[in-house]
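Reader: Can we walk through this one together? I have the sequence and the model to look at.
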Amino acid sequence: MWRVRAWHLASWRIIQLVIADVEQLVSPHVRAMQPYTPIVPLDVLSQRLGIAPEAIVKLDANENPYGPSPRALEALARAQDLNLYPDPDQTHLREAIGAFIGVDPAHILCGAGSDEVIALIVHTFVRPEDAILDLPPTFGMYRWQADALNARYVPIPRRADFSIDLDSVQRAVAQTPSPRLLFVADPNNPDGSATSDEVLCELLKLPVIVVLDEAYIEFSGRQSRVRWVLEHPNLIVLRTFSKLAGMAGLRVGYGVFPTQIVAHVWKVKPPYTPNAAGMLAAAAALSDREHLDRSVACLVAERERLRAALSAFSWLRVYPSQANFLLCHVEPTLPIAGGDPSWTAARRLKHALEQRGVLVRYFDKDGLRDCIRISVGKPEHTDRLLAVLREVVG
Ligand SMILES: *Cc1c(COP(=O)(O)O)cnc(C)c1O
(Lines give C-alpha, C1' and ligand atoms only; values in the text may rest on other atoms or scores of the structure.)
Protein backbone atom coordinates (compact mmCIF):
# COMPACT_ATOMS: atom_id res chain seq x y z
CA MET A 1 0.00 0.00 0.00
CA TRP A 2 2.73 2.38 1.13
CA ARG A 3 4.81 1.50 -1.94
CA VAL A 4 2.00 2.27 -4.31
CA ARG A 5 1.43 5.58 -2.65
CA ALA A 6 5.11 6.56 -2.81
CA TRP A 7 5.24 5.64 -6.46
CA HIS A 8 2.13 7.64 -7.07
CA LEU A 9 3.57 10.70 -5.34
CA ALA A 10 6.86 10.36 -7.21
CA SER A 11 5.19 10.16 -10.58
CA TRP A 12 3.06 13.16 -9.71
CA ARG A 13 6.23 15.08 -8.85
CA ILE A 14 7.67 14.15 -12.23
CA ILE A 15 4.54 15.27 -14.02
CA GLN A 16 4.58 18.55 -12.08
CA LEU A 17 8.22 19.05 -12.91
CA VAL A 18 7.64 18.34 -16.57
CA ILE A 19 4.77 20.79 -16.66
CA ALA A 20 6.87 23.46 -14.96
CA ASP A 21 9.78 22.75 -17.28
CA VAL A 22 7.94 22.97 -20.54
CA GLU A 23 6.70 26.38 -19.60
CA GLN A 24 10.29 27.36 -18.80
CA LEU A 25 11.07 26.48 -22.41
CA VAL A 26 8.72 29.17 -23.74
CA SER A 27 10.77 32.18 -24.84
CA PRO A 28 10.92 34.69 -21.97
CA HIS A 29 9.56 37.52 -24.13
CA VAL A 30 6.54 35.40 -25.08
CA ARG A 31 5.95 34.41 -21.45
CA ALA A 32 5.96 38.09 -20.52
CA MET A 33 3.85 39.12 -23.51
CA GLN A 34 0.36 40.65 -23.32
CA PRO A 35 -2.00 38.82 -25.72
CA TYR A 36 -3.74 40.83 -28.43
CA THR A 37 -7.41 41.41 -27.60
CA PRO A 38 -9.38 40.52 -30.71
CA ILE A 39 -13.11 41.11 -31.14
CA VAL A 40 -15.59 38.47 -29.94
CA PRO A 41 -17.22 36.60 -32.86
CA LEU A 42 -20.90 37.17 -33.55
CA ASP A 43 -22.13 33.63 -32.73
CA VAL A 44 -20.37 33.63 -29.35
CA LEU A 45 -21.80 37.05 -28.47
CA SER A 46 -25.23 36.03 -29.68
CA GLN A 47 -25.18 33.07 -27.24
CA ARG A 48 -23.82 35.15 -24.38
CA LEU A 49 -26.38 37.94 -24.79
CA GLY A 50 -29.29 35.70 -25.76
CA ILE A 51 -29.90 37.85 -28.84
CA ALA A 52 -30.24 36.38 -32.36
CA PRO A 53 -27.15 37.13 -34.52
CA GLU A 54 -29.28 38.97 -37.10
CA ALA A 55 -30.60 41.29 -34.37
CA ILE A 56 -27.12 42.30 -33.28
CA VAL A 57 -25.78 45.62 -34.63
CA LYS A 58 -22.06 45.10 -34.95
CA LEU A 59 -20.22 48.43 -34.94
CA ASP A 60 -17.07 47.37 -33.11
CA ALA A 61 -14.52 46.26 -35.75
CA ASN A 62 -14.85 48.69 -38.69
CA GLU A 63 -16.14 45.91 -40.92
CA ASN A 64 -17.96 46.90 -44.11
CA PRO A 65 -21.65 45.96 -43.72
CA TYR A 66 -22.19 45.91 -47.50
CA GLY A 67 -19.93 42.88 -47.83
CA PRO A 68 -18.17 41.62 -50.93
CA SER A 69 -19.26 42.26 -54.50
CA PRO A 70 -21.65 39.65 -55.95
CA ARG A 71 -18.85 38.96 -58.44
CA ALA A 72 -16.57 37.92 -55.58
CA LEU A 73 -19.28 35.61 -54.24
CA GLU A 74 -19.75 34.08 -57.73
CA ALA A 75 -16.00 33.55 -58.01
CA LEU A 76 -16.07 31.70 -54.70
CA ALA A 77 -19.01 29.55 -55.81
CA ARG A 78 -17.25 28.65 -59.07
CA ALA A 79 -13.86 27.96 -57.44
CA GLN A 80 -12.06 24.97 -58.97
CA ASP A 81 -8.87 23.16 -58.05
CA LEU A 82 -9.17 23.73 -54.33
CA ASN A 83 -7.24 20.48 -53.88
CA LEU A 84 -4.20 22.26 -55.32
CA TYR A 85 -1.95 24.76 -53.55
CA PRO A 86 -2.56 28.32 -54.67
CA ASP A 87 -0.16 30.23 -56.95
CA PRO A 88 2.75 31.25 -54.68
CA ASP A 89 3.49 34.18 -57.00
CA GLN A 90 -0.09 35.49 -56.69
CA THR A 91 0.23 36.34 -60.39
CA HIS A 92 -3.42 36.96 -61.24
CA LEU A 93 -4.24 38.89 -58.06
CA ARG A 94 -1.11 41.05 -58.24
CA GLU A 95 -1.90 41.95 -61.85
CA ALA A 96 -5.46 42.90 -60.88
CA ILE A 97 -4.20 45.04 -57.97
CA GLY A 98 -1.49 46.62 -60.13
CA ALA A 99 -4.11 47.71 -62.68
CA PHE A 100 -6.40 48.94 -59.89
CA ILE A 101 -3.81 51.13 -58.15
CA GLY A 102 -1.68 52.05 -61.17
CA VAL A 103 1.56 50.45 -59.96
CA ASP A 104 3.62 47.70 -61.63
CA PRO A 105 2.76 44.32 -60.01
CA ALA A 106 6.48 43.81 -59.32
CA HIS A 107 6.05 46.20 -56.37
CA ILE A 108 3.15 44.26 -54.84
CA LEU A 109 3.11 41.42 -52.32
CA CYS A 110 -0.16 40.05 -50.90
CA GLY A 111 -0.66 38.40 -47.52
CA ALA A 112 -3.37 36.88 -45.34
CA GLY A 113 -4.66 40.32 -44.43
CA SER A 114 -2.39 43.32 -43.98
CA ASP A 115 -1.74 41.77 -40.56
CA GLU A 116 0.44 39.18 -42.27
CA VAL A 117 2.20 41.81 -44.37
CA ILE A 118 2.99 43.76 -41.18
CA ALA A 119 4.49 40.58 -39.69
CA LEU A 120 6.58 39.99 -42.83
CA ILE A 121 7.91 43.54 -42.78
CA VAL A 122 8.93 43.17 -39.14
CA HIS A 123 10.61 39.81 -39.91
CA THR A 124 12.47 41.40 -42.82
CA PHE A 125 13.87 44.42 -40.99
CA VAL A 126 13.93 43.87 -37.26
CA ARG A 127 16.29 41.96 -34.98
CA PRO A 128 15.67 41.98 -31.20
CA GLU A 129 18.19 44.81 -30.76
CA ASP A 130 16.42 46.95 -33.38
CA ALA A 131 13.61 49.36 -32.64
CA ILE A 132 10.09 49.70 -33.97
CA LEU A 133 8.73 53.23 -33.66
CA ASP A 134 5.01 53.63 -33.19
CA LEU A 135 2.65 56.60 -32.92
CA PRO A 136 0.01 55.66 -30.32
CA PRO A 137 -2.90 55.83 -29.90
CA THR A 138 -3.06 53.74 -33.06
CA PHE A 139 -3.73 50.26 -34.46
CA GLY A 140 -2.61 47.69 -31.89
CA MET A 141 -1.06 45.26 -34.38
CA TYR A 142 2.22 47.19 -34.71
CA ARG A 143 2.95 46.94 -31.01
CA TRP A 144 1.80 43.33 -30.92
CA GLN A 145 4.24 42.42 -33.69
CA ALA A 146 7.08 44.17 -31.85
CA ASP A 147 6.23 42.18 -28.70
CA ALA A 148 5.92 38.89 -30.59
CA LEU A 149 9.39 39.30 -32.07
CA ASN A 150 10.95 40.71 -28.91
CA ALA A 151 11.90 43.88 -30.77
CA ARG A 152 12.43 47.14 -28.95
CA TYR A 153 9.25 49.17 -28.99
CA VAL A 154 9.47 52.96 -28.95
CA PRO A 155 6.11 54.75 -28.60
CA ILE A 156 5.99 58.41 -29.61
CA PRO A 157 2.56 59.56 -28.43
CA ARG A 158 0.41 61.65 -30.74
CA ARG A 159 -0.84 65.01 -29.51
CA ALA A 160 -4.25 65.31 -27.81
CA ASP A 161 -5.84 65.99 -31.23
CA PHE A 162 -4.12 62.81 -32.57
CA SER A 163 -1.79 64.75 -34.84
CA ILE A 164 1.81 63.56 -35.14
CA ASP A 165 4.36 65.43 -33.01
CA LEU A 166 7.06 65.73 -35.67
CA ASP A 167 9.69 67.18 -33.31
CA SER A 168 9.28 64.27 -30.92
CA VAL A 169 9.51 61.75 -33.77
CA GLN A 170 12.70 63.35 -35.07
CA ARG A 171 14.18 63.40 -31.56
CA ALA A 172 13.19 59.79 -30.88
CA VAL A 173 14.73 58.58 -34.13
CA ALA A 174 17.95 60.47 -33.34
CA GLN A 175 18.13 59.10 -29.78
CA THR A 176 17.09 55.50 -30.47
CA PRO A 177 19.86 53.06 -31.33
CA SER A 178 19.12 51.11 -34.50
CA PRO A 179 15.70 52.50 -35.44
CA ARG A 180 14.22 50.40 -38.25
CA LEU A 181 10.48 50.83 -38.83
CA LEU A 182 8.05 53.69 -38.22
CA PHE A 183 4.38 52.75 -38.51
CA VAL A 184 1.94 55.47 -39.60
CA ALA A 185 -1.74 54.67 -40.07
CA ASP A 186 -3.43 57.24 -42.34
CA PRO A 187 -6.31 57.64 -41.67
CA ASN A 188 -5.34 56.66 -38.14
CA ASN A 189 -7.28 54.03 -36.22
CA PRO A 190 -9.03 54.64 -33.76
CA ASP A 191 -9.69 58.34 -34.43
CA GLY A 192 -9.72 58.72 -38.21
CA SER A 193 -7.26 61.63 -38.47
CA ALA A 194 -5.09 62.23 -41.54
CA THR A 195 -1.36 62.77 -41.97
CA SER A 196 -0.53 65.68 -44.29
CA ASP A 197 1.81 65.41 -47.27
CA GLU A 198 4.15 67.84 -45.49
CA VAL A 199 4.44 65.70 -42.36
CA LEU A 200 4.82 62.51 -44.40
CA CYS A 201 7.64 64.13 -46.43
CA GLU A 202 9.44 65.04 -43.20
CA LEU A 203 9.03 61.49 -41.86
CA LEU A 204 10.46 60.12 -45.10
CA LYS A 205 13.66 62.13 -44.54
CA LEU A 206 14.37 60.09 -41.39
CA PRO A 207 16.72 57.09 -41.51
CA VAL A 208 13.89 54.55 -41.07
CA ILE A 209 11.45 52.62 -43.22
CA VAL A 210 8.08 54.39 -43.05
CA VAL A 211 5.19 51.90 -43.20
CA LEU A 212 2.13 53.88 -44.25
CA ASP A 213 -1.01 51.88 -43.45
CA GLU A 214 -3.82 52.98 -45.76
CA ALA A 215 -6.47 50.48 -44.61
CA TYR A 216 -9.11 53.27 -44.65
CA ILE A 217 -7.80 55.56 -47.38
CA GLU A 218 -10.83 55.13 -49.66
CA PHE A 219 -13.11 56.68 -47.03
CA SER A 220 -10.96 59.82 -46.83
CA GLY A 221 -11.66 61.15 -50.31
CA ARG A 222 -7.90 61.70 -50.65
CA GLN A 223 -5.48 60.09 -53.10
CA SER A 224 -3.57 57.03 -51.96
CA ARG A 225 0.20 57.47 -51.67
CA VAL A 226 0.95 54.08 -53.30
CA ARG A 227 2.76 55.76 -56.18
CA TRP A 228 5.06 57.62 -53.76
CA VAL A 229 6.78 54.25 -53.33
CA LEU A 230 8.28 54.75 -56.79
CA GLU A 231 10.16 57.86 -55.59
CA HIS A 232 10.86 56.97 -51.95
CA PRO A 233 13.03 53.90 -51.35
CA ASN A 234 12.16 53.93 -47.62
CA LEU A 235 8.36 53.92 -48.01
CA ILE A 236 6.03 50.90 -47.84
CA VAL A 237 2.27 51.37 -48.29
CA LEU A 238 -0.23 48.84 -46.92
CA ARG A 239 -3.74 48.33 -48.29
CA THR A 240 -6.41 45.74 -47.52
CA PHE A 241 -9.58 44.16 -48.87
CA SER A 242 -11.00 43.96 -45.33
CA LYS A 243 -12.56 47.43 -45.14
CA LEU A 244 -12.96 48.70 -48.72
CA ALA A 245 -14.10 45.40 -50.26
CA GLY A 246 -16.06 44.04 -47.28
CA MET A 247 -13.86 40.95 -47.13
CA ALA A 248 -12.43 40.96 -43.58
CA GLY A 249 -13.31 37.27 -43.19
CA LEU A 250 -11.37 36.25 -46.29
CA ARG A 251 -8.06 37.74 -45.07
CA VAL A 252 -6.46 39.48 -48.05
CA GLY A 253 -4.19 42.51 -47.78
CA TYR A 254 -1.13 43.74 -49.62
CA GLY A 255 1.92 45.92 -49.44
CA VAL A 256 3.36 48.16 -52.14
CA PHE A 257 7.16 48.08 -51.82
CA PRO A 258 10.18 49.74 -53.39
CA THR A 259 12.00 47.33 -55.73
CA GLN A 260 15.08 47.04 -53.49
CA ILE A 261 12.95 45.77 -50.58
CA VAL A 262 10.29 43.55 -52.09
CA ALA A 263 12.53 40.60 -53.05
CA HIS A 264 13.68 40.26 -49.44
CA VAL A 265 10.15 40.29 -48.08
CA TRP A 266 9.23 37.44 -50.46
CA LYS A 267 12.03 35.38 -48.88
CA VAL A 268 10.46 35.42 -45.40
CA LYS A 269 6.89 34.86 -46.63
CA PRO A 270 5.18 31.46 -46.24
CA PRO A 271 4.52 30.42 -49.85
CA TYR A 272 0.76 29.77 -49.89
CA THR A 273 -0.89 32.86 -48.45
CA PRO A 274 -3.43 34.30 -49.09
CA ASN A 275 -5.46 31.16 -49.63
CA ALA A 276 -7.00 30.33 -53.02
CA ALA A 277 -10.51 31.47 -52.05
CA GLY A 278 -9.29 34.82 -50.78
CA MET A 279 -7.26 35.48 -53.92
CA LEU A 280 -10.12 34.56 -56.27
CA ALA A 281 -12.59 36.74 -54.39
CA ALA A 282 -10.18 39.67 -54.15
CA ALA A 283 -9.43 39.72 -57.88
CA ALA A 284 -13.15 39.50 -58.69
CA ALA A 285 -13.91 42.29 -56.19
CA LEU A 286 -11.56 44.65 -58.05
CA SER A 287 -13.42 43.99 -61.30
CA ASP A 288 -16.57 45.47 -59.72
CA ARG A 289 -15.54 49.06 -59.26
CA GLU A 290 -19.17 50.11 -59.10
CA HIS A 291 -19.80 47.98 -56.02
CA LEU A 292 -16.70 49.34 -54.28
CA ASP A 293 -17.54 52.95 -55.12
CA ARG A 294 -21.15 52.53 -54.01
CA SER A 295 -20.29 51.02 -50.63
CA VAL A 296 -17.71 53.77 -49.98
CA ALA A 297 -20.21 56.48 -50.97
CA CYS A 298 -22.90 54.97 -48.71
CA LEU A 299 -20.53 54.69 -45.74
CA VAL A 300 -19.16 58.22 -46.16
CA ALA A 301 -22.69 59.66 -46.36
CA GLU A 302 -23.74 57.60 -43.36
CA ARG A 303 -20.65 58.69 -41.41
CA GLU A 304 -21.73 62.30 -41.82
CA ARG A 305 -25.32 61.52 -40.76
CA LEU A 306 -24.03 59.59 -37.74
CA ARG A 307 -21.65 62.42 -36.85
CA ALA A 308 -24.44 65.00 -36.93
CA ALA A 309 -26.74 62.79 -34.84
CA LEU A 310 -24.09 61.94 -32.23
CA SER A 311 -23.00 65.58 -31.97
CA ALA A 312 -26.51 66.40 -30.76
CA PHE A 313 -25.80 64.49 -27.52
CA SER A 314 -24.24 67.04 -25.16
CA TRP A 315 -22.35 64.27 -23.32
CA LEU A 316 -20.52 62.97 -26.40
CA ARG A 317 -17.65 64.71 -28.16
CA VAL A 318 -17.13 63.36 -31.66
CA TYR A 319 -13.66 63.59 -33.17
CA PRO A 320 -13.20 64.47 -36.85
CA SER A 321 -12.75 61.29 -38.93
CA GLN A 322 -11.83 60.46 -42.51
CA ALA A 323 -12.49 56.75 -42.00
CA ASN A 324 -15.51 54.45 -41.59
CA PHE A 325 -15.70 54.99 -37.82
CA LEU A 326 -16.11 57.80 -35.31
CA LEU A 327 -14.20 58.12 -32.06
CA CYS A 328 -16.31 59.66 -29.29
CA HIS A 329 -15.29 60.99 -25.90
CA VAL A 330 -17.92 60.22 -23.25
CA GLU A 331 -18.57 62.77 -20.48
CA PRO A 332 -17.06 61.05 -17.40
CA THR A 333 -19.95 62.14 -15.13
CA LEU A 334 -22.64 60.72 -17.43
CA PRO A 335 -25.03 58.71 -15.24
CA ILE A 336 -25.60 55.24 -16.70
CA ALA A 337 -27.17 52.32 -14.87
CA GLY A 338 -25.70 48.82 -14.86
CA GLY A 339 -22.27 47.34 -14.93
CA ASP A 340 -19.67 47.65 -12.21
CA PRO A 341 -19.65 50.85 -10.11
CA SER A 342 -15.87 51.08 -10.56
CA TRP A 343 -16.26 51.35 -14.34
CA THR A 344 -15.87 54.61 -16.23
CA ALA A 345 -18.99 56.09 -17.85
CA ALA A 346 -17.65 55.10 -21.28
CA ARG A 347 -17.28 51.49 -20.22
CA ARG A 348 -20.78 51.43 -18.69
CA LEU A 349 -22.14 52.94 -21.89
CA LYS A 350 -20.42 50.28 -23.98
CA HIS A 351 -21.83 47.59 -21.64
CA ALA A 352 -25.35 49.02 -21.71
CA LEU A 353 -25.29 49.14 -25.52
CA GLU A 354 -24.01 45.57 -25.66
CA GLN A 355 -26.83 44.33 -23.39
CA ARG A 356 -29.21 45.73 -26.02
CA GLY A 357 -27.36 44.12 -28.93
CA VAL A 358 -25.36 47.12 -30.16
CA LEU A 359 -21.61 46.53 -30.18
CA VAL A 360 -19.07 49.34 -30.08
CA ARG A 361 -15.39 49.40 -29.13
CA TYR A 362 -14.32 50.73 -25.75
CA PHE A 363 -10.78 51.94 -25.05
CA ASP A 364 -9.06 52.49 -21.75
CA LYS A 365 -5.47 53.38 -22.50
CA ASP A 366 -3.25 56.44 -22.62
CA GLY A 367 -4.59 59.07 -24.98
CA LEU A 368 -7.94 57.26 -25.18
CA ARG A 369 -9.52 57.62 -21.75
CA ASP A 370 -13.33 57.68 -21.66
CA CYS A 371 -13.57 56.89 -25.37
CA ILE A 372 -15.69 54.61 -27.51
CA ARG A 373 -15.26 53.99 -31.23
CA ILE A 374 -18.34 53.44 -33.35
CA SER A 375 -18.02 51.91 -36.82
CA VAL A 376 -20.26 53.31 -39.53
CA GLY A 377 -22.97 50.82 -40.52
CA LYS A 378 -26.05 50.94 -42.73
CA PRO A 379 -28.70 53.61 -42.07
CA GLU A 380 -30.81 51.12 -40.09
CA HIS A 381 -27.81 50.41 -37.84
CA THR A 382 -27.45 54.14 -37.12
CA ASP A 383 -31.18 54.32 -36.33
CA ARG A 384 -30.95 51.43 -33.88
CA LEU A 385 -27.81 52.83 -32.24
CA LEU A 386 -29.43 56.24 -31.76
CA ALA A 387 -32.61 54.70 -30.32
CA VAL A 388 -30.60 52.61 -27.87
CA LEU A 389 -28.44 55.60 -26.85
CA ARG A 390 -31.60 57.60 -26.07
CA GLU A 391 -33.01 54.67 -24.10
CA VAL A 392 -29.81 54.13 -22.10
CA VAL A 393 -29.16 57.75 -21.24
CA GLY A 394 -32.79 58.79 -20.96
C1 LIG B 1 -8.46 46.98 -39.96
C2 LIG B 1 -7.09 47.47 -40.15
C3 LIG B 1 -6.20 46.79 -40.96
C4 LIG B 1 -6.65 45.60 -41.75
O5 LIG B 1 -6.05 44.45 -41.34
P6 LIG B 1 -6.32 43.15 -42.23
O7 LIG B 1 -5.34 42.20 -41.62
O8 LIG B 1 -6.00 43.48 -43.64
O9 LIG B 1 -7.74 42.74 -42.02
C10 LIG B 1 -4.93 47.30 -41.15
N11 LIG B 1 -4.56 48.43 -40.56
C12 LIG B 1 -5.40 49.13 -39.78
C13 LIG B 1 -4.96 50.43 -39.21
C14 LIG B 1 -6.68 48.65 -39.53
O15 LIG B 1 -7.49 49.33 -38.71
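Author: Let's begin where the domains meet. Across the interface of domain 1 and domain 2, five residue pairs are in polar contact, both residues at pLDDT 80 or more. A polar contact is a pair of N or O atoms within 3.5 Å; within protein, one must be able to donate a hydrogen and the other to accept it, and residues adjacent in sequence count only if both atoms are side-chain atoms.

Reader: What kind of model is this?

Author: It is a predicted model: local features need pLDDT of at least 70, side-chain atom pairs count only at pLDDT 80 or more, and totals for chains, interfaces and linings use all residues. Residues are numbered from 1 along each chain as its sequence is written, and side-chain values use heavy atoms, with hydrogens and water left out.

Reader: How many salt bridges cross the interface of domain 1 and domain 2?

Author: Zero, by the rule used. That rule wants a side-chain nitrogen of Lys or Arg within 4 Å of a carboxyl oxygen of Asp or Glu.

Reader: And where are the domains?

Author: Domain 1 is 42-61 + 291-393, and domain 2 is 70-287. These bounds come from an automatic or database domain assignment. The contact takes 21 residues from domain 1 and 22 residues from domain 2. Contact means heavy atoms within 4.5 Å.

Reader: How much area is buried between domain 1 and domain 2?

Author: About 1,600 Å², and carbon and sulfur atoms give 65% of that. Buried area is the accessible area (1.4 Å probe) that two parts lose on being put together, summed over both. On the domain 1 side, Leu292, Gln322 and Phe325 supply 38% of the area buried against domain 2, more than any other three residues.

Reader: OK, new topic. Which residues are closest to the ligand?

Author: Asp213, Tyr216, Thr240, Ser242 and Lys243 are the closest of the 13 residues that surround the ligand.

Reader: What about the ligand's oxygen atoms?

Author: One oxygen atom is 2.6 Å from a polar backbone atom of Ser114. For Asp115, an oxygen atom of the ligand is 2.9 Å from a polar backbone atom. With Lys243, the distance is 3.4 Å, from a ligand oxygen to an N or O atom in the side chain.

Reader: Back to salt bridges. How many are in the whole structure?

Author: The search finds 23. One of them pairs the side chains of Asp130 and Arg180, at 3.7 Å, N to O. This pair links distant parts of the chain, 50 residues apart: Asp130 is in the loop between helix H6 (113-125) and strand S3 (131-134), and Arg180 is in strand S5 (residues 179-185). Helices (H or I, at least four residues) and strands (E, at least two) are DSSP runs, numbered from the N terminus.

Reader: Where are the cis peptide bonds?

Author: One joins Asp186 and Pro187, with omega about -5°. Another joins Asn189 and Pro190, with omega about 25°. Pro187 is in the loop between S5 and helix H9 (197-204), and Pro190 lies in the loop between S5 and H9 too.

Reader: Why point those out?

Author: Because most peptide bonds are trans.

Reader: Which residue has a positive phi although it is not a glycine?

Author: Asp81 is one, at about 60°. Asp81 lies in the loop between helix H4 (70-77) and helix H5 (91-101). Asn150 also has a positive phi of about 60° without being a glycine. Asn150 sits in the loop between helix H7 (141-148) and strand S4 (152-155).

Key:
A residue is near a molecule or strand if one of its heavy atoms lies within 4 Å of it.
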